[in-house]
Amino acid sequence: MATITELIKADAMRMEILNVVESLKLPDCFVAAGFVRNLVWDYLHGVENSSLNDVDVIFFDRNERICEASIEQTLVSLLPNVNWQVKNQAVMHLRNGDMPYSNSTDAMAYWPEKETAVGIRIGDDGELETSAPFGEENLFLGAITHNPKREKSVFLNRIESKGWLKTWPQLKVVTC
């Protein structure tokens with residue numbers, strides 16, 4: 001069984017994206033969600049690079065010194081063919097009606113499905129680092145698991161609207 005870091009290192013496009021994001025030196029920053037999840041599900045299904053709708057860049061800036069739109073503009077100038085989505089996790093609790101998050105990993109622990117809550121970055125030592133509040137192994141189980149911190153209807157709507165079971169038909173939906 002491959003690891004997330006092995007799969008990422010073997011994907012030139014994803015490594016280029018990680019290098020570009022790392023060059024911005026954003027605080028507590030990860031490229032997360034479908035960027036990692038889709039790659040692993042592709043691997044499990046023997047699919048060669050299903051499409052990425054967007055690339056989610058998350059960071060944690062409690063003082064809100066960094067403007068999300070400015071970061072997106074910079075990223076577009078560096079890699080214009082990527083649909084960048086940049087979110088400061090230090091303020092996302094307001095939109096979601098949660099208590100304040102303590103860091104990016106804590107914020108991911110509130111995402112609707114556990115397998116989406118995985119991020120990766122290039123660390124200070126140049127090595128890939130992952131962050132996964134529910135563990136990396138969850139992603140390799142071939143399931144979409146409801147996070148009880150979110151409404152089940154939100155979880156089920158995301159499965160339907162994103163067409164995950166059409167792209168990866170062997171996934172199992174876990175709602176308990």
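Q: How do I read burial here: is Thr145 buried or exposed?
A: Buried means under 20% relative accessible area, exposed over 50%, and partly exposed in between, with a 1.4 Å probe and protein chains only. Thr145 has 12% relative accessibility and therefore counts as buried. This is a predicted model, in which local features need pLDDT of at least 70 and side-chain atom pairs count only at pLDDT 80 or more, while totals for chains, interfaces and linings use all residues. Residues are numbered from 1 along each chain as its sequence is written, and side-chain values use heavy atoms, with hydrogens and water left out.

Q: Where is Thr145 placed, and which residues does Thr145 contact beyond its sequence neighbours?
A: Helices (H or I, at least four residues) and strands (E, at least two) are DSSP runs, numbered from the N terminus. Thr145 belongs to strand 6, residues 143-145. Contact means heavy atoms within 4.5 Å. Outside the four places in sequence on either side, Thr145 is in contact with Pro112, Glu113, Lys114, Glu115, Phe155 and Val174.

Q: Which residues touch the most other members of the largest nonpolar core?
A: In soluble globular proteins, nonpolar side chains tend to be buried together. A nonpolar core is a set of buried Ala, Val, Leu, Ile, Met, Phe, Trp, Tyr and Cys residues joined through side-chain atoms within 4.5 Å. The largest one has 37 residues, and Ile4, Phe35, Val57 and Trp84 touch the most other members. Helix 3 gives the largest share, five residues. With neighbours within four places set aside, the contacts of Ile4 include Val36, Val40, Ile120 and Phe140. Another core, of seven residues, lies apart from the largest one, and Phe30, Ile58, Met108 and Trp111 are among its members.

Q: How many disulfides are there?
A: A disulfide is a covalent bond between the sulfur atoms of two cysteines. The rule applied is a pair of cysteine sulfur atoms within 2.5 Å, and the count is zero. The cysteine sulfur closest to that of Cys29 is in Cys67, 15 Å away and too far for a bond. Cys29 is buried at 7% relative accessible area, whereas Cys67 is partly exposed at 43%.

Q: Which residues form a nonpolar patch on the surface?
A: Patches are made of residues with over 30% relative accessible area and no salt bridge, with like charges joined within 9 Å and nonpolar side chains (Val, Leu, Ile, Met, Phe, Trp, Tyr) within 5 Å. A salt bridge is a side-chain nitrogen of Lys or Arg within 4 Å of a carboxyl oxygen of Asp or Glu. Leu156, Leu165 and Val173 form such a nonpolar patch, with about 220 Å² of accessible area together (Shrake-Rupley method, 1.4 Å probe; for residues, only the protein chains shown count as cover). Leu156 sits in helix 7, residues 152-162, and is partly exposed at 41% relative accessible area.
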